[in-house]
Amino acid sequence: MTPSRVAYVTILAKDLRSELRTLQSLPAMALFATTTFVIFRFGLDRTQLSGSLAAGVLWATLLFAALLGVNRLFVAEREEGGFDAIRLAPIDRSALFAAKATALFAYLAVLELVVVPIFALFFLGSAAALGPLVAVLLLADLGIAATGTLISSMAVHSRARDLLGPLVLLPLVVPLMIAATGASEPLLAAGGPGYHRFGSWLAVLSLYDLIFLLLGWAVFDFLLED
Amino acid sequence: MYGKGLRPLSIATVVAIAAGLSLVFFYAPLDADQGFIQKIFYLHVPLAIVALVGFIVGGVFAIAHLRSGNRKWDAYSYVAIHMSVIFGVAVLITGAIWAKASWGHWWVWDEPTLVSFLIVFLMYATYYPFRYAIEDPERQARYASVFAVTAGAFVPLNFMAVRMAQSLVHPRTFGTANGGLPGSMMFTFLVCLAATALLWVTLVKLELTAKSTSGQLKRLRRALDAPAPGGGGSRIAPEVS
């Protein structure tokens, strides 16, 4: 294995192990999402959701829950001097970006594994849409992981870090949310899943993922210079 | 040194704006459908084009900064984005006036270009809080450049996603905006576009000159060992040497 790959695996393993031991992010994200569903149930005064309303509730909730994870992503590195250690190590700095993005992707996937069935249980008549929804969820997670890691790594160095991450990330993920809700809306339609323009929305999601993964990879070196 | 050429540039801008406005009011024909209000097109559309191009130009300057490490490019990028955000406010206001006059509502969600522009504007509006929350000037310049590059990549992607989200093919009320523009209108439009672009360049140059002058003044004061009034200048603007 190349040194960069060793660094990638090591940082990723460290992150996942520390999350497993401390459970700092994931339980909070899941709890936040579940409570948000309850709030939507009363805010919208609906017990069943379908179509655009279901897609909107699901994606707004997942996005805001993801922001909690994004905010915490680099806190340990900053507080315990992890950034300095990476700077000292003779490795490609992009390994840190790749490891953090993978960790965030894993958090989001686990979050959705818990929360999306709860969403279906609360609001959907059947679980038929959940199969094809997995593709949309995974592609959207990849995009959030790319932009979230990039923004979080910058926001953590600022004075108002908890504020800045969501503030900048929210407009940045608007195209992602447009595509994710666009693909989910027919899937969650009342009369069973439909696939209207499913493919083109997945293509937009993939394009978004590709652009921001490459961009994050390319600019991450500049974020660690000092 | 940034002030060089500012005077001829300002004169050219004034002449171009005067020419553009006279063409708009005395030469371009009245629109058959919309009448007089259609003339806001000559203000709104050039402003929008110049603002969007300005955002991209800010991203290009940011790439130059990241590649060369020269802080001058960061100041260019900052001023380009700053001016484009100001132009963006004007775009949203003129767009709202036009929408009210021709559709009867101040805001319409089914005009994809306007909605895309709003999202882009909201994205760049976070440039300021983002930039000023980072204290170390070196780091601030680098992070602001990364922001400018990221947001520059976001602009075309966002336009694509918003346009795709129109579930029905929306009838373009402004048939004039694409294609079927009569020659006299097209000529007026191009003059207005050039005038707006000149205005943008002049304002960018003016702001860079002002920043460079105040930077020089600060250095002179420091050389004289006199404390600057108000505690040493603002942290807000990037400095130009």
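I would like to start with R197 of chain A, which sits in the loop between α9 (174-187) and α10 (198-224) of chain A, where helices are DSSP runs of H or I with at least four residues, numbered from the N terminus. This is a predicted model, in which local features need pLDDT of at least 70 and side-chain atom pairs count only at pLDDT 80 or more, while totals for chains, interfaces and linings use all residues. Residues are numbered from 1 along each chain as its sequence is written, and chains are lettered from A in the order in which they are written.

Although R197(A) is not a glycine, its phi is positive, at about 60°. Most residues other than glycine have a negative phi. R197(A) has 16 other C-beta atoms within 10 Å and is therefore partly exposed, a class that lies between buried, at 20 or more such atoms within 10 Å, and exposed, at 12 or fewer, with C-beta atoms placed from the backbone.

D45(A), also not a glycine, has a positive phi of about 55°, and its place is in the loop between α2 (26-44) and α3 of chain A. Because D45(A) has 7 C-beta neighbours inside 10 Å, it counts as exposed.

Let me turn to a helix pair. Helix α3 (residues 51-72) and helix α8 (residues 161-172), both of chain A, pack at an angle of about 130° with their axes 9 Å apart, the axes being lines fitted to C-alpha atoms over the stretch in contact and the angles running from 0 to 180 degrees between N-to-C directions.

Notes. Helix = DSSP H or I, 4+ residues; strand = E, 2+ residues; numbered from the N terminus.
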